[in-house]
Amino acid sequence: MSGEPITRFETAGGVRIYRLPLQVFPSLRAYAHLVVDGSYVALIDTGSGQGQSNADLEEGFVRLRREWNEAITWGDLSRVIITHAHIDHHGGLNLVRSLTDAPVAVHELDRRVLVHHEERLALTRFRLGIFLRRAGISEERRQRLLRMYSGGKDLFRSEPVETVLRDDDLLDERFRVIHVPGHCPGQVCLQFDDVLFTADHVLPGVAIFLAPESLTASTGVDHFLQSLQKVRATSGVRLCLGGHDRPIHDLEAAVNTITSIQQRRIERIYEACIEPISIGGLTEMLYPGIGSYDELLALQKVGAYIEYLDQRGMLAIANLDEVAEDELGVPRYIAA
């Protein structure tokens, strides 16, 4: 990627960390991280495998020598870690597998996305179709959004996983695994000395995507808020490196900010339900003129907050008789 250098960091113990910039989608930048501890070398995340992403990842290894005099090759990799199974973080695994035999690690709740990708994509697309219909989306628009959802993801091919991660594991006697579901079922943060790799769980200046748990278990607002408090209690963290945006130097302050933003969003959704309204209608009200893939993300995000409020008895379905009688009925929610 032209214009952005590879950044180097060090842990308290002198372990080197290189931040590799990747253009994962035309409008989205992400980072892979290379951790060098003597002869042990770990790659954290692999980019999307789409567009410029693979080229950026391969160029990153070339630039390590040029910019940092770090003669690391793909053959030197000891481990590949996937922080969570979203395509902008695992999609480059097909390329990486062709360049290294280093074992792959991912959390147990995201393992199926990598090893049974085609099956998972088909089933999730089916559930998404039901969600969009119940959100009040027209059939033509629904089909367009479903095609958009599958686009790119269907290029990835299933890959084996050698190591399954669980909460509080110590991977390779180096990385402490912190399971933080919400953004993704198997989302993990990884602590190495005084550095915390936060992936997409704690980010500055980035709207963290959440989807309803009705689409995918262990996602949603409730899981995310609980996971924020869990990671907030992590001690000994001097530096946080996320999958997007700039580094964070105050974990507690960042978590407090994100929590406040989430509370305001919950309140905003609740206040918008003063009159009966569908998820689709609410999305159009809150995000007028939104289009492209952002439209699909916005619908799921609104659905996640509606689900959170509904679970707590703060909403009622104004047209319950209609919804109960017709599986194609569109619920209209009203503040209870």
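Reply: The lining of the second largest pocket has eight nonpolar, two polar and four charged residues. (Ala, Val, Leu, Ile, Met, Phe, Trp, Tyr, Cys and Pro count as nonpolar; Asp, Glu, Lys and Arg as charged; the others, Gly among them, as polar.) This is a predicted model, with local features needing pLDDT of at least 70 and side-chain atom pairs counting only at pLDDT 80 or more, while totals for chains, interfaces and linings use all residues. Residues are numbered from 1 along each chain as its sequence is written, and side-chain values use heavy atoms, with hydrogens and water left out.

A pocket here is an open set of points on a 1 Å grid over the protein atoms alone, with protein on both sides within 12 Å along at least five of seven lines. A cavity is a set of points where a 1.4 Å probe fits but cannot get out. Lining residues have an atom within 4 Å of a point. Grid points are joined across faces, edges and corners, and a volume is the space filled by probe spheres set on the points.

The second largest pocket has a volume of about 280 Å³. Its lining comprises 14 residues, and Phe 131, Arg 134, Ser 214, Ile 279 and Tyr 333 are the closest to its centre. Helix 5 and helix 10 each give at least two residues to this lining. (Helices are DSSP runs of H or I with at least four residues, strands are runs of E with at least two, and both are numbered from the N terminus.)

Helix 10 gives the largest share, six residues. The largest pocket holds about 1,200 Å³ of space. It is lined by 43 residues; Phe 25, Leu 28, Phe 209, Tyr 293 and Leu 297 lie nearest its centre. By class, that lining has 24 nonpolar, 13 polar and six charged residues.

Now the cavities. There are two of 30 Å³ or more.

The largest cavity has a volume of about 40 Å³. Around it are Tyr 31, His 33, Ile 44, Asp 45, Thr 83, Phe 197, Ala 199, Leu 241, Gly 242 and Gly 243. Here strands contribute: strand 3 (28-37), strand 11 (195-199) and strand 12 (239-242) each give two or more residues. Five of the lining residues are nonpolar, four polar and one charged.

Next, helix packing. Two packed helices are described by the angle between their axes and the distance between the axes. Axes are lines fitted to C-alpha atoms, for helices over the stretch in contact, and angles run from 0 to 180 degrees between N-to-C directions. Angles under 35 degrees count as roughly parallel, over 145 as roughly antiparallel, 65 to 115 as roughly perpendicular and the rest as oblique. A crossing is left-handed if the near helix is turned anticlockwise from the far one by less than a right angle, and right-handed if clockwise. Contact means heavy atoms within 4.5 Å.

Helix 7 and helix 8 have axes that come within 9 Å and cross at roughly 160°. So helix 7 is roughly antiparallel to helix 8. This crossing is left-handed.

Finally, helix 8 (residues 251-272) and helix 9 (residues 279-286) come within 11 Å, axis to axis, and cross at roughly 115°. They are therefore roughly perpendicular. The crossing is right-handed. Arg 268, Ile 269 and Ala 272 of helix 8 meet Leu 282, Met 285 and Leu 286 of helix 9. That contact has five nonpolar residues, no polar and one charged.
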